[in-house]
Amino acid sequence: MQRLAPALRQDNVPLDLISLIKTILAATKEISFRVGQGHLSEVMGSTLDENIQGEVQKQLDVVANQLLKDILLESGFVKAISSEEEDTSVAGNINGKYIVSFDPLDGSSNIEINSLIGTIFSIMEAPEGMDASDPDLFKQPGHKQVCAGYVLYGPSTTLAMTTGQGTHFYTLDKTHGSYMLTERNIQVPKETSEFAINMSNHRFWQAPMAAYIDDLLRGKEGPRGRNFNMRWNGAMVGDVHRILTRGGFFSYPVDNKDPAKPAKLRLMYEANPMSFLIEQAGGLSVTSQGRIMDIEPEDIHQRVEVILGSSDEVEQCLSYYSGN
Ligand code: AHM
Ligand code: MG
């Protein structure tokens, strides 16, 4: 089994990008430790107390954000960061080559029930000639990402990552504190009979999504001629990990539940990095209007419709929108 850094060097990933990735992963090892401690980390403190001075009582998502933010801004590699937990982007080193967006703890409603949560990150090169405090640094389409990944804090701590040369899985060896390459070139099967969507929003969906899901539910007797199973983790990291592992269909479609918030998932922190991982594994990741990674962002906290997974099923779903 290969360690992460030699595996990346073998793929000719630039050394400064490898250093940045290792910096992000150092924070995820601390987050993984704290997640594993559960309530102990609040009640009893831990050996990591001095790293987050006095913040042991804070919510895990706030702690995760602080860990990532501090380590990235101190590293010198990044010109700016943007986080789901920050109001706006935060300036780093004016000469930093990269910008990093992250969701420090995705699936935060799962924290208190001891279920799947994860950290999602996305790296792009910083455009030249712009101020480090300018949030417009981040207004680049997802296809400009040079690296994307997530760390899933499950029964084992698993990293899924791409630098544009396939999507690979790494597992955190907690005895040595190293991420080890455990599966290269993940492939999402084209076909699937499993879907993931929050069914409780059915009545708020647009007609094409409702019609597509209704046909899946009709199973063998319906137009699809086979039965479909459903899974919903309430954490995109968990659902995308299942899809990378055995295929599947995932959507958080637009809905009219709250007119001020027609879509739920964030382009920068969730949709773009997951799209890069899924596409690099042979899957599709789109809105009903087109490829997610081609969206020109208007705002760093922009929300977007997401339809991703096994390519045949994503295409099936889109055919309900185009009427073909
Ligand atoms: P979060 O970043 O605040 O945790 O919200 C994003 C999460 C996704 O991980 C998940 O797919 C979705 O929200 C779950 O939504 P719902 O609460 O509708 O099940
Ligand atoms: Mg999230």
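Colleague: Let's start with Glu270. Why does Glu270 count as buried?
Modeller: Glu270 counts as buried because it has 25 C-beta neighbours inside 10 Å. Buried means 20 or more other C-beta atoms within 10 Å of a residue's own; 12 or fewer is exposed, in between is partly exposed, and C-beta atoms are placed from the backbone. Keep in mind that this is a predicted model, where local features need pLDDT of at least 70, side-chain atom pairs count only at pLDDT 80 or more, and totals for chains, interfaces and linings use all residues. Residues are numbered from 1 along each chain as its sequence is written, while chains are lettered from A and ligands numbered from 1 in the order in which they are written.

Colleague: Where is the place of Glu270?
Modeller: Glu270 is in helix α7, residues 267-280. Helices (H or I, at least four residues) and strands (E, at least two) are DSSP runs, numbered from the N terminus.

Colleague: What does Glu270 touch, not counting residues up to four places away in sequence?
Modeller: Asp103, Asp106, Ile120, Met236 and Leu265. Contact means C-beta atoms, placed from the backbone, within 7 Å.

Colleague: Which residues does UniProt list for "binding site"?
Modeller: The unreviewed UniProt entry lists Asp103, Asp106 and Glu270. They are spread over 168 residues of sequence, yet they cluster in space, with a largest C-alpha distance of 8.4 Å. UniProt positions use the numbering here, feature names are shortened, and annotations may be inferred rather than shown by experiment.

Colleague: And where is Asp103 found?
Modeller: In strand β4, residues 98-106. Asp103 counts as buried because it has 28 C-beta neighbours inside 10 Å.

Colleague: New topic: the sheet. In what order do the 9 strands come?
Modeller: The order is β1-β9-β8-β7-β6-β5-β4-β2-β3, in an open sheet with mixed pairing. Two strands pair if DSSP finds at least two bridges between them. The edge strands, β1 (2-3) and β3 (90-91), each pair on one side only.

Colleague: In which sense do β6 and β7 pair?
Modeller: Antiparallel, over 6 bridges, with β6 at residues 145-153 and β7 at 157-162. Leu152 stands opposite Thr158 in β7.

Colleague: Last one. Which residues touch the most other members of the largest nonpolar core?
Modeller: Val78, Tyr98, Ile99, Val100, Val240 and Leu277, out of 85 residues. Helix α7 gives the largest share, 8 residues. Such a core is a set of buried Ala, Val, Leu, Ile, Met, Phe, Trp, Tyr and Cys residues joined through C-beta atoms within 7 Å.

Note on methods
Two residues are in contact if their C-beta atoms, placed from the backbone, lie within 7 Å.
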